[in-house]
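Look at the structure first, then read on.

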Amino acid sequence: MRPYSLPARFALLTLTTALAACGGGSSGNPGNDQPPQDNGGVQQDTRPDTFAFSAVNDADLDTAYTSGAITVSGINAAANVSISGGEYSVNNGSYSSDAATLENGDSVAVRVTSSTAYSTEVVATLTIGGVSADYTVTTMAEPVEPEPPAESAIKVDFNLNMRHSVGGESEFDRRKFITVHASNTENDWFGGNSQSAGAVNEDPELMTNFLEGYDVYFGRDTGGMKWQLSQLPEDGARPGFIDVDSAITNGGGMRWNYTKDTSTKGDLIRKHGHRAIDMVVGGQQHPYWPNGDDTGMGWSFSTTDTDTEPFGTAVGHYMANFLYEYFNRGESDEFGQPKPVYLEVMNEPLYELVDYPREGTTATTPQKVFDFHNAVANEVRAYRDTWNQASHENVLIGGYTVAFPDFEKDNFNRWEERDKLFIDVAGDNMDFLSVHFYDFPAFQGTRQLRRGSNIEATFDMLEQYSLMATGARMPFMVSEIGATVHSMMNDAWSPERDSYKLRALNGLTMNMLERPDQILKSIPFVTIKAEWGRDPDTGMPYTNRLMRQKKEGNGETGDAWVYTEFVKFYQLWSEVKGTRVDSWASDLDVQVNAYVDGNTAYLVLNNLEQEASVLDLATLGIAGNSFESAVIKQLHYDDTGKPVLDETSVTELPQTFTLNAEATAILQLTFTDAITIDNDNMETKYYAETYKQAITAGEKISFAINSVTLGDNGEAILRLGVGRDHGKSLTPSVTINGNILSVPEDYQGYDQYYGGKGRAQFFGVIEIPVDHSYLSENNAIEIVFDDDGGFVSTVTAQVSNTSTPLVRGTRD
């Protein structure tokens, strides 16, 4: 607070000026109280008459305000002018904050930008010839959110005493979902790099503070295996294969160094090794695809393709040796880092090998890429150690790591020619299906998002067909999630670009959490510094980074490494843990989840809408347990698009909550006693015996979902995967066992048409509530559309059997 108010200052300045103007005259200058100088000339007067600016109250937030102009008077020479906290304009000129001089009669106006917070003043002080005045702008008081009428709020229920298991899984596994696309051995954790010699981390304990402070686990490494390959010569007796003796030597050195390095770096790497016990490693197209690419030592992988040496055998041979020679070999082995659990054969192979081959190379076919997967997997599994023991039985192998799972493209021919073909060719030989999910919020003038109904339809199709083709649902490795902001791809770093990626990370993570029984890992594509991805022509850094240099920030200087906005994802989720409990929202566009750990509950909310949503919260199942306090984190986005992570504490149990546009909030509720979980919601998913049925107007499409287990209480959702041109109906007539179902008009996520600037076609899941009493062990579903075109891609039933009846959305 200032020592005295503006009126008091004004009065003081007026008095001072009046006293200076009083007094007797002097010889030769009866009207001036200054002594004569310059041979009797007039004394220079650079101290003006007092001036003042009218204060502004009740101002809008983060808005520029301009004062009324004052006219400088009372000086007869140029007077110095300066300003703090704002800018000024002289005689309607441009605004500046630089010091200058003024003449008598000049007009001056002051400009400031109001605070981004409510009830907060911003003060600019203009000083002319030693006389100062403040221009004060105070923002409005925070509006009181009126209690919404019940019918306008989205109802959200949390039954904290009811365990929610999905396929038998009910624990929040941070090792699966709160991960970073990095390993504990990366040099990026330890300061500078070739692009910024001498640059250091602003936080000298970066690795520990990030991993332990936010409880983050390592996810994937696609560079280490390639680097080690570049150090290996060719086998002189077997062209196109690594020299195994060199791999034994190099790998042994790596294992010994990992365990015996006593440097600070070595200690840190081992300290965090427990966060890397289920890593993913994978190959890239180059040099793993056998087409003559140099491995780094003047040779390339064998291109032989025979019955005894299928195409890709040499690559599998190297990967098998890498997994054995460079990692710890089990409980009896004291050397080496934890062995990876997952091997992805190749990262996003079809994009470059099939769709956009490099200049001078010939496109291959999906069939050959999938045959390559089989050859690599077979060679890895066939590996035997010195004692002829199988060495990689604990390694799960998968692919094909699809970058763009656009199954509906070309009337579902994309599905037939790629993803279905992969399952047909290699499904029996793969331990998991590997897939990447990215939102494209700004792609060639369109907004193409995955989060919501599209990702649900994609998963359902992979689940249902893999079950039909192999006899079991294949698990998923989601080794990258995120967003690519094409319109800002080549720009310098900005918080606004990171914000689009944060929206995607949170929305996609909420979709992943719906499949804890089937997803092996979900990895946000967040690298550490990624100087390997810096554009060699423009020098622009890679876009998906946890760290940036300070000088990349607006108004910041220095080479030190600091966090990008990506850290807010990890800060938001840093405390969540425990047993999943029942949650429900009346609107699919509010994604909800909840976990209980001891006396603490974590309520997770994500808004898929582009406007704020008012939520009516019911926290149930806590009878007799006193509420103590709540910490509320909300990651939202200001008017400029910058991410803002707010954290507030309250002492009353939240009943109404405003979830900002595309925001994610986690409410951490603390109770006096441990929360008793004494009821169960056991969710199981069932699949129709057929899939991908063409839609013909007026014709019934029949599906059967059999062998459903039903309890006395519960609820169910019939999920229809639908792929159609925009403008076609998404509300068919549907019956189950002869009972007519009410088909909702809404579905999860944004309108995929988006005014003609969305996805090329609609592909998503329509979720239809089903009365539990309508179900039986064997179920007949009939679907009728009133127009032609497209496909019903899948039909599944999400059935929950509960230990007690559930009543949704009721309020006493």
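A cavity is a set of points, on a 1 Å grid over the protein atoms alone, where a 1.4 Å probe fits but cannot get out; lining residues have an atom within 4 Å of a point. Grid points are joined across faces, edges and corners, and a volume is the space filled by probe spheres set on the points.

The model is predicted: local features need pLDDT of at least 70, side-chain atom pairs count only at pLDDT 80 or more, and totals for chains, interfaces and linings use all residues. Residues are numbered from 1 along each chain as its sequence is written, and side-chain values use heavy atoms, without hydrogens and water.

The whole structure holds five cavities of 30 Å³ or more.

| Cavity | Volume | Lining by class |
|---|---|---|
| Largest | about 110 Å³ | seven nonpolar, one polar, five charged |

Ala, Val, Leu, Ile, Met, Phe, Trp, Tyr, Cys and Pro count as nonpolar, Asp, Glu, Lys and Arg as charged, and the others, Gly among them, as polar.

The largest cavity is lined by 13 residues; L350, V402, A403, F404 and R418 are the closest to its centre. Helices (H or I, at least four residues) and strands (E, at least two) are DSSP runs, numbered from the N terminus. At least two lining residues come from each of α9 (349-355), β16 (396-402) and α11 (409-426). The most come from α9, with four.

Lining the second largest cavity are G399, Y400, V402, D419, F422, I423, L433, S434, V435 and L462. Here β16, α11 and β17 (432-443) give two or more residues each.

Definitions and conventions:
1 Å grid on protein atoms, 1.4 Å probe; cavity = no way out; pocket = protein on both sides within 12 Å on 5 of 7 lines; lining within 4 Å.
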